[in-house]
Amino acid sequence: MDRHDRFEELTKRVVHMETAPTAHRTHPGLDCLLDSMAGELASDSRARLAAHLATCPDCRQRLAHVREKIRRQEENLARRIREPELASALANRRGEVVAHEERASESWAQRLVRSLELHPVRGVAVAAVATAMVVLAVAVPLLRIPQGGPSSRIASLSGEVENLKLQVSVLNSREGTNQSSYAFPQQVTVEDMKALLDQARSINDEWRRALLLSSFLESKGLRLPGTATVDRVEAYTAQAGDTWESVAKEKLGDPSLWPILWLLNAEEASSQSELSPGKSLIVPRASHE
Amino acid sequence: MTLREERLGVWDALVAGHTVSEDRVREAILPAARETSEDEKLCSSLLWAAAKVSRSASPAMRRNLTAVLRYWFSQEGFIEQPPDLAPASLTSAGLDEVMGLGLSWPQAMESVAGNPKDYTALVRVTTLLRKECASAWREMFGTAIPRVFVEGGD
């Protein structure tokens, strides 16, 4: 063991001797311990207490418990102090959310009024722009009205209808469903139907004939509605005043689909151009029946 | 107060990192000069040396001295369930707080905001204390200096 180790051993021995427990007759009270922790003891009292604690394991243990209790209470207190801050932060946040929701539920007029109240300069600018837009909205349509009287206006509306039809057919083709692939039926005459029938009769192959008829109907935009089918048919007795169109409207929901009824009853139809009361017809049966 | 209690009062101040005046130390130690117990003389000389270092050494060495004293005294005194305190919370801890904690040297250094990896500080402080102990023994007791304090006295 070298000199350094021996000195270290000496220091350990000294510390051990200095702090060796001693039997004390009296012990410091709680007030004294608390004053010591608060740093409110005079230096000589502090030294005396330190000497007592260093040699009295019981008092040291007691002081350790007191310190731990105080530390926990300080933590609880700090937590309670923080809680109101958290509650206040939450309340502020709730206020922001409510204000946001109120703003979201405002009409454009309320928002405009609010903006006028908050920013007068901006409000004047918005009012000026709004006035200009109203003037334009009134003036431009007046400038664009056709100058040819009611007939010109009707022609214009017809054009718009045609455009709408085109747009609907484009949209339907994009949808791709069977029912929505709707095309507006084109005008078909009885002469057209008779010519078609003559052409079909010239074809011996029943599949080619069926293909010819279906192609014709397809080209004219004539399709059975989804509620009807030609696989299942039923008899219909013509009433007085019935026409192909009226029966088509009653059975198929669309008078323009009369060529389909006409083809189903082609043998009878081709011989006479108009329906006579009491005549028995074949009509598609509604698919839901 | 007994002599030991007087010394413990000074130790407490030194462990807390305070500087102790020479007068106070003389007050606590000199009555022991006539004591016959060798152990009492050893305790007094070590306290004298530590107090002198606390007054005269560089700030870094004074800080290291506090760490050394906390390291030594924390190994003494048993406490049931010692508090799990961070060393940094022991900035001004006295004897009663340090005893029983069983600090490691790095923890003792952390308690004085020193470098916890500086193990040479422990050696440097004990070497200085040993020299001061020899000087204190000569000044206080005038008798033959214990070999443990004398340089090259193995």
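Axes here are lines fitted to C-alpha atoms, for helices over the stretch in contact, and angles run from 0 to 180 degrees between N-to-C directions. I note at the outset that I am reading a predicted model.

**Entry: a helix pair in chain B.** With that convention in hand I looked up α1(B) and helix α2 (residues 22–29) of chain B, and found that their axes come within 8 Å and cross at roughly 150°. Because angles over 145 degrees count as roughly antiparallel, I put α1(B) down as roughly antiparallel to α2(B). I then listed the residues that meet: from α1(B) they are Glu6(B), Arg7(B), Gly9(B) and Val10(B), and from α2(B) they are Arg24(B), Val25(B) and Ala28(B). Sorted by class, the residues of this contact come out as three nonpolar, one polar and three charged.

**Entry: chain B as a whole.** I counted seven helices and zero strands in chain B, so that I could set the pair in its context, and the order along the sequence reads α-α-α-α-α-α-α. Chain B has 154 residues, of which 47% count as buried. I also checked the contacts in chain B with a separation of 6 or more, and 59% of them are accounted for by residues 24 or more positions apart.

**Entry: where chain B touches chain A.** Which chain gives 30 residues to the contact, and which gives 27? I found the 30 in chain B and the 27 in chain A. On the side of chain B, the elements that give two or more residues are α1 (3–15), α3 (38–56), α4 (59–74), α5 (95–98) and α7 (120–140). Of these, α1(B) gives the most, with seven residues. That side of chain B has 14 nonpolar, six polar and 10 charged residues.

Entry: In chain A I find 12 helices and two strands, which follow one another as α-α-α-α-α-α-α-α-α-β-α-α-α-β. Of its 289 residues, 15% count as buried, and among contacts between residues at least 6 apart in sequence, 62% join residues at least 24 apart. The pLDDT of chain A averages 77, and 74% of the residues score at least 70.

Definitions and conventions:
Residues numbered from 1 in each chain as written. Chains lettered and ligands numbered in written order. Predicted model: local features only at pLDDT ≥ 70, side-chain atom pairs only at ≥ 80, totals over all residues. Contact = placed C-beta atoms within 7 Å. Helix = DSSP H or I, 4+ residues; strand = E, 2+ residues; numbered from the N terminus. Nonpolar A, V, L, I, M, F, W, Y, C, P; charged D, E, K, R; others polar. Parallel < 35°, antiparallel > 145°, perpendicular 65-115°, else oblique. Buried ≥ 20, exposed ≤ 12 C-beta atoms within 10 Å, placed from the backbone. pLDDT = per-residue confidence, 0-100.
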